[in-house]
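Here is a briefing for a reader new to this structure. Please look over the sequence and the model first.

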Amino acid sequence: MAYKGTERNRIILSLTAKQQFRFSHEYFMKRCIQLAKTGRALAAPNPSVGCVIVSHDQIIGEGVTSPYGGAHAEINAIKSIKDKSLLDGATLYVTLEPCCHQGKTPPCTDEIIKNGITRVIVGCLDPNKKVSGQGIAKLKTSGISITTGVCESKCREVHKEFLTFQTKARPYIILKWAESSDGIMAPLEKNNASPYWISNTYSQQLSHKLRTENQAILVGANTVKADHPQLTARQWHGKQPKRYVLSANGDDTNLLDNFDDLSSIDLIGPEQIDFYQNIAQQVCDYLVKHSVNSLIVEGGEQTLNTFIKAGLWDEAMVFISDQPLLDGLKSPKLCTIVTSKRAILNDTLMMYHNN
């Protein structure tokens, strides 16, 4: 089919614009972000970083952070390329600043320099005092061109647990509960010691998925006594979270007998914290000592309100049923606006963020 001059020029310009967008820094960084999301649960407490290596506008290697203690994303991306001569003059894209210190693995900066990569595009800087701009500086000193801040907000989102741990010295905290349409999270009386399910099975499955994506869960002693929860990700394949029970009673060690599996579960009691002081902050301090960088607070009402009143939370997920309970334990209240909501059959999931 033949085109007249003006129309032909318009089509050529349109194709050129599309090609430029396709091969932009944002295009390759978005692929890095996709990769980073795949390793979040297994990499913790390390950040799950995504990395791609590009030569002549083609991705020639990809990598994501290995399970904790293993190789970082940049190393895995370099290793994925069989013909190492392709690395000479290549561009490396990475969601987080490459490390420059010896930890469980060698510095990523050394491998980048050694393999002849000439340009590095970084999503966000690493606030860890062992890195904190030093990785960028080392690469620049070696003559490597650096660009930072590409898709920065999206990279910070994918690394929110690690960044919170480094900058605020506490885990990233998600509050989660279910409530009836009239704002009740539990009936006053139940016929048995099993949980009273307010949310539907699809909401419960989403909750289990959330558990695989975070390092730990915390509940109060009263919740354990009333519901005998297992706090596992039974309905979603993935890594099981660490489980913590908060109890002010030093004699509550038998609480752990409520759980079928006693691995990865601990009682946080008077031996660890002073219950007359800021409980939420002390729990955070305790978890930092155990390298926990993300926490889901699942209940009950007293434990949730402890974190709300202290202002120590980042997100809240509230599953609201379309059915009333009429009477029972009132759910916590958040003094912030809803940031998003979605329907899950007859449930509504309300999302909040603590600004």
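The points below go from the whole chain to single residues.

This is a predicted model, in which local features need pLDDT of at least 70, side-chain atom pairs count only at pLDDT 80 or more, and totals for chains, interfaces and linings use all residues. Residues are numbered from 1 along each chain as its sequence is written, and side-chain values use heavy atoms, with hydrogens and water left out.

**Whole chain**

- The chain has 12 helices and 15 strands; helices (H or I, at least four residues) and strands (E, at least two) are DSSP runs, numbered from the N terminus.
- The C-alpha trace spans about 75 × 55 × 35 Å along its principal axes.
- Of the 355 residues, 48% count as buried, where buried means under 20% relative accessible area, exposed over 50%, and partly exposed in between (1.4 Å probe, protein chains only).
- Contact means heavy atoms within 4.5 Å; among contacts with a separation of 6 or more, 73% are between residues 24 or more positions apart.

**Nonpolar cores**

- A nonpolar core is a set of buried Ala, Val, Leu, Ile, Met, Phe, Trp, Tyr and Cys residues joined through side-chain atoms within 4.5 Å.
- The largest nonpolar core holds 36 residues, of which M29, I53, L92, Y93, I117 and V120 touch the most other members.
- At least two residues of this core come from each of α2 (25–38), β1, α4 (73–79), β3 (91–96), β4 (119–124), α6 (134–141) and α8.
- Helix α2 gives the largest share of this core, five residues.
- Another core, of 29 residues, lies apart from it and includes L175, A280, Y286 and V318.
- In soluble globular proteins, nonpolar side chains tend to be buried together.
- Beyond its neighbours within four places in sequence, L92 is in contact with C51, V52, I53, E74, I112, I117, R119, V120 and I121.

**Helix α12 and its ends**

- In helix α12 (residues 301–310), T303, L304, N305, F307 and I308 are the buried residues.
- These buried residues pack against β6 (172–179), β7 (184–186), β8 (216–220), β9 (242–246), α11 (279–289) and β11 (294–299).
- G300 lies in the loop between β11 and α12, and the peptide bond from G299 to G300 is cis, with omega near 0°.
- Just after α12, G311 has a positive phi of about 70°.

**Other backbone features**

- A cis peptide bond also joins A44 and P45, with omega about 10°; P45 is in the loop between α3 (40–43) and β1 (50–55).
- A169, in the loop between α8 (160–168) and β6, has a positive phi near 55° although it is a residue other than glycine.
- A169 is partly exposed, with a relative accessible area of 44%.
- S264, in the loop between β9 and β10 (265–268), is another residue other than glycine with a positive phi, near 55°.
- The relative accessible area of S264 is 47%, which makes S264 partly exposed.

**A buried charge**

- E179 is in strand β6.
- Leaving aside neighbours within four places in sequence, the contacts of E179 include I184, M185, I198, V318 and F319.
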